[in-house]
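Student: I'd like a close look at one part of this model, please. Could you walk me through it in one go?

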Amino acid sequence: MATSASSTLCKAVKQQYMELPQGEKVQAMYVWIDGTGEGLRCKTKTLDSEPKCIEDIPEWNFDGSSTYQSEGSNSDMYLIPAAMFRDPFRKDPNKLVLCEVQKYNNKNAETNLRATCKKVMDMVSEQHPWFGMEQEYTILGVDGHPFGWPSNGFPGPQGPYYCGVGADKAYGRDIVEAHYRACLYAGVQICGTNAEVMPAQWEFQVGPCEGINMGDHLWMARFILHRVCEDFGVIASFDPKPIPGNWNGAGCHTNFSTKEMREEGGLKAIEDSIEKLGKRHRYHIRAYDPKGGLDNARRLTGHHETSNINEFSAGVANRGASIRIPRSVGQEKKGYFEDRRPSANCDPYGVTEALIRTCLLNEEGDEPVDY
């Protein structure tokens with residue numbers, strides 16, 4: 001299997017430099033979403049002292065013509081620091097800084113979905129919306145071939161791989177363990193991980209996070225995964241259907257609850273929200289992948305534990321439904337529900353914003369309301 005040339009460089013040589021003292025200076029790696037709506041970019045700035053809060057980190061800029069975000073004749077874009085994490089690669093006191101992107105005229109870039117998401121979350125803050133997102137991904141070689149798969153064929157059919165253990169069932173666990181520990185170090189609200197149904201496919205879960213924190217923490221967890229995979233010389237793919245045929249796709253199931261849903265008798269609020277979602281299925285499908293539903297159309301076929309993209313359904317403990325109510329929630333009459341439609345490459349800001357607009361702001365129709 002093809003790994004990157006960088007992965008063959010001697011890490012022990014690098015380590016002797018990484019152990020050098022850095023004085024009072026701090027390296028802040030700025031991270032942002034590029035013009036594709038799913039790719040991440042980063043660059044580093046030296047700060048004179050360790051920032052204690054996000055306000056201590058200065059705004060910066062970059063060349064948007066090289067990230068699909070502007071024309072070359074007017075290419076300056078601005079990085080607005082939004083969330084700060086510890087840096088698990090350079091270690092303390094260095095930081096990872098997740099940024100919003102604005103254009104030269106201080107208007108939000110088209111793929112900056114955080115700004116409107118934050119506005120919507122602030123409108124419903126008293127309802128304390130909680131989210132948990134289950135991020136599936138596939139480990140690939142740099143040639144695009146799934147990690148550990150035979151070079152001229154396929155592994156055995158699905159069945160033994162989900163939550164599997166053993167060299168013939170779990171493909172690439174070192175990457176998963178490194179990512180998990182790096183997220184914990186960084187302060188990302190990672191809450192679990194497991195091997196998935198397709199070999200070389202894994203999942204990690206982030207949450208519960210309230211409001212805008214969901215998108216911040218999931219995007220940073222994705223960035224950290226890309227960096228870990230870079231060190232190992234492989235690729236993390238969030239493609240919703242990386243291998244055509246009789247193999248599971250990759251989603252980003254989103255669990256959602258409000259204060260009312262979590263209290264006694266909250267099942268009524270859950271059922272009310274599901275009814276609203278059923279009337280706005282097309283709007284949500286458009287919001288649940290970066291290509292307006294085209295990516296998800298490859299995955300949401302009605303097979304391989306998915307609902308059909310053209311139909312809305314809901315059920316208790318039903319993994320083939322659009323919305324699943326966990327069995328424990330049905331029994332306790334309170335808790336949360338799981339939206340199984342978001343694709344693995346969704347923008348979590350777009351997904352969580354759509355849920356708030358429909359379930360809490362009672363929006364209807366195919367277009368979001370402009371507040």
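Student: How many residue pairs are in polar contact between domain 1 and domain 2?

Tutor: Happy to! Keep in mind that this is a predicted model. Between domain 1 and domain 2 there are five residue pairs in polar contact, counting pairs with both residues at pLDDT 80 or more. On the side of domain 1 that touches domain 2, the elements giving two or more residues are strand 1 (26–33), strand 2 (40–47), strand 4 (76–86) and strand 5 (95–102). By class, that side of domain 1 has 12 nonpolar, three polar and six charged residues.

Now for the two parts themselves. The domain assignment places domain 1 at 5–110 and domain 2 at 121–360, and 26 Å separates their C-alpha centres. To the contact, domain 1 gives 21 residues and domain 2 gives 24.

The size of an interface is often expressed as the accessible area lost when the parts come together. Here the area buried between domain 1 and domain 2 is about 1,900 Å², with 70% of it from carbon and sulfur atoms. Of the area that domain 1 buries against domain 2, E38, F85 and F89 supply 32%, more than any other three residues.

The salt bridge count between domain 1 and domain 2 is one.

Notes:
Residues numbered from 1 in each chain as written. Predicted model: local features only at pLDDT ≥ 70, side-chain atom pairs only at ≥ 80, totals over all residues. Heavy atoms only, no water. Domains from an automatic or database assignment. Contact = heavy atoms within 4.5 Å. Buried area = accessible area lost by both parts, 1.4 Å probe. Salt bridge = Lys/Arg side-chain N within 4 Å of Asp/Glu carboxyl O. Polar contact = N/O pair within 3.5 Å; in protein donor to acceptor, adjacent residues only side chain to side chain. Helix = DSSP H or I, 4+ residues; strand = E, 2+ residues; numbered from the N terminus. Nonpolar A, V, L, I, M, F, W, Y, C, P; charged D, E, K, R; others polar.
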